[in-house]
Amino acid sequence: MPSTEKLELREVLKEIKMSRAAFYRMRARGEAPKLIKLPNGQLRCRRSDLDAWWAKHEMSA
């Protein structure tokens, strides 16, 4: 069963060791992990989406 854990953006940035500015540039290019925007404007990332992003980049490295 896939994880339903939702990570805050700061947690994602810490895990991938990236600044917020660099992350937003990557997101503008369509290369960032999939995010969920909450009604209050905060962003979340499903653990499963972040793990899929890691896997995609492991294969292309």
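Reader: What makes S2 and strand S3 (residues 43-46) paired strands?

Author: In this predicted model, two bridges join S2 to S3, and the two strands run antiparallel; since strands pair if at least two bridges are found between them, S2 and S3 meet the requirement. Among the residues involved, Ile36 has Arg44 in S3 as its bridge partner.

Reader: Why are strand S1 (6-8) and strand S2 (36-37) said to stand at the edges?

Author: The open sheet of three strands has the order S1-S3-S2, with antiparallel pairing. S1 and S2 each have a single partner strand, so one side of each is left without a neighbour in the sheet.

Reader: How do you know that the buried residues of helix H1 (residues 9-16) line one face of the helix?

Author: The buried residues in H1 are Leu9, Val12, Leu13 and Ile16. Seen down the axis of H1, these residues fall within an arc of 100 degrees, so they line one face. The face turned away from this buried side carries Arg10 and Lys14, which are exposed.

Reader: Why is Lys17 called exposed?

Author: Lys17 has a relative accessible area of 74%, and exposed means over 50%, so Lys17 belongs in that class. Lys17 follows H1 and is placed in the loop between H1 and helix H2 (20-28).

Reader: What is the phi of Lys17?

Author: Phi of Lys17 is near 55 degrees, a positive value in a residue other than glycine. Most residues other than glycine have a negative phi.

Notes: Residues are numbered from 1 along each chain as its sequence is written. This is a predicted model: local features need pLDDT of at least 70, side-chain atom pairs count only at pLDDT 80 or more; totals for chains, interfaces and linings use all residues. Side-chain values use heavy atoms; hydrogens and water are left out. Buried means under 20% relative accessible area, exposed over 50%, partly exposed in between (1.4 Å probe, protein chains only). Helices (H or I, at least four residues) and strands (E, at least two) are DSSP runs, numbered from the N terminus. The arc is that of the directions from the helix axis to the C-beta atoms.
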